[in-house]
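This report looks at a few local features of one structure, taking backbone geometry and helix packing in turn.

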Amino acid sequence: MAEETLSARLVEIESMLERSRRRFEEGTRLVEEAQQIMGEIQQALIGAPTRVSPEDSDEAASKLLQSLKATGGEMPESLCGGRLSVDQVQRLIRIDGHPIGITEMEYRVLELLAFARNNVVTRAMLLKHLYRRADDQPQPKIIDVFISKLRKKLRSASGGAEFIETIPQRGWILRDIDANQGA
């Protein structure tokens, strides 16, 4: 009798687990669809193409970096409505006039975002900017680490302001807002 009860209970638990697995998969699919739709809306708002192939991304990285070199690579003294300033000589950044300690790689990430302000910077672009030779390049996920650490330092120094925006399935953008719009 007890064995039949245990067996019936086991079947019931297996059925519950199967239903939970299906719900989880459906939820995951819905989240992925929502992220894709949100990315497409963001792309439409900033006027960028919704899909970029790896080849296009490499080409865009090369064009951006060539353009920066051709123009002499002048970075504006202040960004984000004057809240963020970059001292290229000392390789120092300031938020609202207060200096922030960042690593060389974080500085170079911010440097490219600042040069490309208001334009999406892809992982390929950042890899190409940070690691000149292809055989030097680490795993692409290192870019996520640099962005995360830089964001945390900027957010902490600015009282919670977000300067770097993620564009899903594309990259990141530093929006250089007008001082009149606020930060």
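Is Gln 169 buried or exposed? In this predicted model, Gln 169 is exposed, with a relative accessible area of 58%.

Strand S5, which covers residues 164-167, pairs in the antiparallel sense with strand S6, residues 171-174, and four bridges join the two. Within this pairing, Glu 165 has Ile 173 of S6 as its bridge partner.

Three residues lie between the strands of the hairpin, and Gln 169 is placed in this loop between S5 and S6. The phi of Gln 169 is near 60 degrees, a positive value in a residue other than glycine.

## A positive phi at Asp 96

Asp 96, which is not a glycine, also has a positive phi, here of about 50 degrees. Asp 96 is found in the loop between strand S3 (92-95) and strand S4 (98-100). With a relative accessible area of 40%, Asp 96 is partly exposed.

## The crossing of H3 and H4

Helix H3 (residues 104-115) and helix H4 (residues 123-130) have axes that come within 10 Å and cross at roughly 125 degrees, and the two helices are therefore oblique to each other. The crossing in which H3 passes H4 is right-handed.

On the side of H3, the contact is made by Met 105, Arg 108, Val 109, Glu 111 and Leu 112, while H4 contributes Met 125, Leu 126, His 129 and Leu 130.

Definitions and conventions. Residues numbered from 1 in each chain as written. Predicted model: local features only at pLDDT ≥ 70, side-chain atom pairs only at ≥ 80, totals over all residues. Heavy atoms only, no water. Pairing = 2+ DSSP bridges. Buried < 20%, exposed > 50% of the residue type's maximum accessible area, 1.4 Å probe, protein only. Axes fitted to C-alpha atoms, helices over the stretch in contact; angles between N-to-C directions. Parallel < 35°, antiparallel > 145°, perpendicular 65-115°, else oblique. Left-handed = near helix turned anticlockwise from the far one by under 90°. Contact = heavy atoms within 4.5 Å.
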